[in-house]
Amino acid sequence: MKKIVINGGKRISGTIPISGAKNSVVALIPATILANDVVTLEGVPDISDVASLVEIMEIMGAKIERNLEEGRLVIDTRSVVSRPLPYGKINSLRASYYFNGALLGRFGQATVGLPGGCDLGPRPTDLHDKAFKALGAKKIQEEAEHLEVIGDSLVGTTIYMDVVSVGATINTMLAASRAKGLTIIENAAREPEIIDVATLLNNMGAQVRGAGTDIIRITGVDEMHGAQHTVIPDRIEAGTYLALAAAMGDGVIIENVIYEHLESFIAKLEEMGVGLTIREDSIEVHKSENLKSVNITSVPYPGFATDLQQPITPLLLKAKGRGSIVDTIYQKRVNHVPELARMGANISVLDDRIIYDAPNELTGSCVQATDLRAGAALVTAGIIASGTTKISNIEFILRGYDHIIEKLTAVGVDIQLIEE
Ligand code: UD1
């Protein structure tokens, strides 16, 4: 079993480069199926979710050259066939649901194992099914372990999303890119990853307009083609390291960031009293003193991201005063709380509201990463804490953080990956 061991309490300094966005690339890889040609993706992070998707694509017949040291995947989807995709690998990540939209768009049918991903409480996919049905899918059948969708002649229509959903918006864009006529998505999610996917789709010959607003118009095309695309920087990885730098940095530069993608997060850091210098594609975090507690409410983009609620929590524990975190996207995304309490934090959950009373002195402990972003929170907490922290279940962390050990070692963190 792999574990991360951190000897905490040491200040950090230097530069942390940010990799390509996990939540983009996990949609971009399935999207290449629509090209029926060769697509080159640059800036691809070396994370286990990418490895899983590459493996699934190869099962379908894709030919993939990977050079993840240079962040490149060259994906040839000309010999892909829509064969049933097994539950096992598919269930290891959430984004496998994008194979439904991509296969439906290209072949008119998909049989894909039900998605897995982090346990954040209920994660329904009813909006995905609703969109496929509206586009004309004749059969949408959910069996115990897979979803079968058949819709050989999709026709564009207007789809109102009852809830703002990243996954359902992207899946609808994928399927509608090859439908007949115009599809309009109303109440679409506006996350930067949606713009990134739309950019690749358009480079492959699709006609997607309005991505990044809450109304997206997709005019279906008969054929798409190869393209080259660079993945946007990962705003969640950037936010994780910005919070760490604010907690433990003596001057840390977070490099390869798009500031606009992080505005609501940075506004919270500034409200806490964190000193920042914003440059064109980097952010310098100054040494922080006298941090103030803040309340956080996660909402859809451009509001505070649910994915950053857990990674910022250890920083909140260094501030002075009481505060709360309310996650309106995933009310049960609180698995990091008992682990932080085990490290000495004065933090608890009351009616789906996380309450903390700080500042707290954290002490190294044996803790478990229960999901990806909870794991990131524990890494930061371990770096802040005095003594040794041993984190188990780190497979979650490796799903989304590229070269985390190397990046943190380079800024002075005493961190190791061990096999036990
Ligand atoms: C994506 C991200 C995840 C992030 C989340 C919210 C990926 C691979 N994952 O997940 O990291 O935490 O966005 O920013 O990009 N909902 C429904 N019905 C549906 C779909 C969603 O009710 O059919 C609800 C969900 O329960 C949740 C809300 O809509 O409350 C938003 O979920 P959604 O944006 O779809 O999350 P994911 O795309 O799964």
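Predicted model: local features only at pLDDT ≥ 70, side-chain atom pairs only at ≥ 80, totals over all residues.
I'll start with a pair of helices. Helix 5 covers residues 126–134 and helix 6 covers residues 166–176. Their axes come within 9 Å and cross at roughly 25 degrees. That angle falls under the cut-off of 35 degrees, so helix 5 and helix 6 are roughly parallel to each other. The crossing of these two helices is right-handed.

Which residues make the contact? From helix 5 they are L127, H128, A131 and F132. Helix 6 contributes G167, A168, N171, T172 and A175. Sorted by class, five of the residues in this contact are nonpolar and four are polar, with no charged residues.

Now the domains. The protein is divided in two: domain 1 is made of 2–18 plus 233–419, and domain 2 is 22–230. So where do the centres lie? The C-alpha centres of the two domains are 30 Å apart. In the contact between them, domain 1 takes part with 22 residues and domain 2 with 23 residues.

A word on how this is reported. The size of an interface is often given as the accessible area lost when the parts come together. Between domain 1 and domain 2, the buried area is about 1,800 Å². Carbon and sulfur atoms give 52% of that area.

Note on methods: Residues numbered from 1 in each chain as written. Heavy atoms only, no water. Axes fitted to C-alpha atoms, helices over the stretch in contact; angles between N-to-C directions. Helix = DSSP H or I, 4+ residues; strand = E, 2+ residues; numbered from the N terminus. Parallel < 35°, antiparallel > 145°, perpendicular 65-115°, else oblique. Left-handed = near helix turned anticlockwise from the far one by under 90°. Contact = heavy atoms within 4.5 Å. Nonpolar A, V, L, I, M, F, W, Y, C, P; charged D, E, K, R; others polar. Domains from an automatic or database assignment. Buried area = accessible area lost by both parts, 1.4 Å probe.
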